[in-house]
Amino acid sequence: MTTSAWIARLLRYRNEYLASAAATLCIFMVVCTNAWSSPALPKLLTEPDPPVSITAGASSWIVSVQSFGGIFGMLFAGLTIDRYGRKWPFIASALPVIAGWIMIALARTSLLLYIARVLFGVSYGIAYGIAPVYIGEIASDEVRGAVASFITLMAKLGILFEYAVGPYVSFETLAWVSMVGPALFLGTFVWMPESPHYLIGKGRMDEARRCLQWFRRAEDVEEELCATRKSIERSVAEESGSMRELFRPMYRKNLVIVLILAIGIQMTGMQAILSYAQTIFSQISSELSDAEMSIVLGAVQMVTVLFPVFFADRIGRRPLLLWSAVGSFVGLLLGAVYFTLDVAGTEVSDVGWVSFVGLLLFVVSYAFGLATIPFAILSEIFPKSIRAHANALFGVLSGSVIFAVVKLYQVAQDEVGVYLPFWVFTVSTALTFVLVFLYIPETKGRSLDEVQEIIAGWRTKRREKVAVEGE
């Protein structure tokens, strides 16, 4: 596609891009809270006279407890977005973040840090519970994959922001500066329209028409409006929309996909590596400081995550996921081998760059697909009536796995060595590749209804294959 064609595409869908960018500023906001631990905890553990004194064990709880709050946030999102809409529960997610940053800035006891992190987790769960739904419903088929990639783009921007600012300001200043996240989100998204899908489902057709006209930049949207209404009516007629519907046999394949995306991807260890980035880099021999390596890590993630924005709707979801898993495996393997040789007493001071390059390869590969594509897939594989419940289930599973991975990482590092969790992450990534290859279908360029037909077709083919083999 030529440059002029890219520009024409951008202009044609600019309102969808704009609304998606404003919505995913919420992701920037909550990921700043997640990345905060990498530059902030070393200040409390190593600097003299910190505002709050903590132990290494307490630091692991401060990091991991956020994922516990994320479970409640996802549940809140699942219970509210079909009742109150996508927009206002989304906006409400900024309130716990604001409260949390104020607590951290004023904290003189670790209790406030724990409370703040739980509040951050609630907002994190709400943001990731609603963002894929909202974006999946407002985006045209032609750009849905690209705008869903904004989720990860904003996440990497939040990581880079914390990594770049955190090492060079005080503990308290970092909290105040991080308030830029909720300020940007509230200042932009409050002006964006509600999801037309939600409005149609509530029978508010005139509002839905106006919103859809704004998103599509066209007056005549009756065809899409009618198609969406029929799709919703069909879903309502077939489904009651309860959490129980997720576990019906007809959605078994969909649930397998959710399990792969929620558990397999988190078991690559990305959350633990990002949370303890400076601590990990302090164990690598390099001319760069641990803070400088963290900034390089954040910058590389930020650049590479731009590729799926442009290629998710051209190359396809499935190939990006598979190549991402391969690159992540190789990068983690280099890190695992380096840390194993280091603990075995082998001289590795001259090859520290190998492990650093391996970690960069991991985050680059992860950002290229594993971090981005799942949200595009998740917004497509369930009908509207149970999509919110599916996102809640995804969030609960992801939050549970993240809590275990982040907490146990610190325990394994202290009791055995950093090489152990890296080998676990490496093997888990290899298994994730196999599962993606076996179970994740291609959904590029398909409407939401066509995606459902693809998955149903896979189920039918598998049943027919079993029947033939039985004969």
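R86 is buried, since its relative accessible area is 1%. This residue belongs to a predicted model, and its side chain meets that of E137 in a salt bridge, with 2.7 Å from N to O. The pair links distant parts of the chain: R86 is in the loop between α4 and α5, E137 is in helix α7, and 51 residues separate them. E137 is also buried, because its relative accessible area of 2% falls under the 20% cut-off.

Helices α4 and α7 also meet each other. Their axes come within 5 Å and cross at roughly 40 degrees, so the two helices are oblique to each other. The crossing is right-handed. The residues of this contact comprise 19 nonpolar, seven polar and one charged.

R209 takes part in a bridge with D206, where the closest N and O atoms are 3.1 Å apart. Both residues lie in helix α13, three residues apart, which is about one turn of the helix. D206 counts as exposed at 52% relative accessibility, whereas R209 counts as partly exposed at 23%. R209 also forms a salt bridge with E222, at 2.6 Å between the closest N and O atoms. E222 is in helix α14, 13 residues from R209.

Technical notes:
Residues are numbered from 1 along each chain as its sequence is written. This is a predicted model: local features need pLDDT of at least 70, side-chain atom pairs count only at pLDDT 80 or more; totals for chains, interfaces and linings use all residues. Side-chain values use heavy atoms; hydrogens and water are left out. Axes are lines fitted to C-alpha atoms, for helices over the stretch in contact, and angles run from 0 to 180 degrees between N-to-C directions. Helices (H or I, at least four residues) and strands (E, at least two) are DSSP runs, numbered from the N terminus. Angles under 35 degrees count as roughly parallel, over 145 as roughly antiparallel, 65 to 115 as roughly perpendicular and the rest as oblique. A crossing is left-handed if the near helix is turned anticlockwise from the far one by less than a right angle, and right-handed if clockwise. Ala, Val, Leu, Ile, Met, Phe, Trp, Tyr, Cys and Pro count as nonpolar, Asp, Glu, Lys and Arg as charged, and the others, Gly among them, as polar. A salt bridge is a side-chain nitrogen of Lys or Arg within 4 Å of a carboxyl oxygen of Asp or Glu. Buried means under 20% relative accessible area, exposed over 50%, partly exposed in between (1.4 Å probe, protein chains only).
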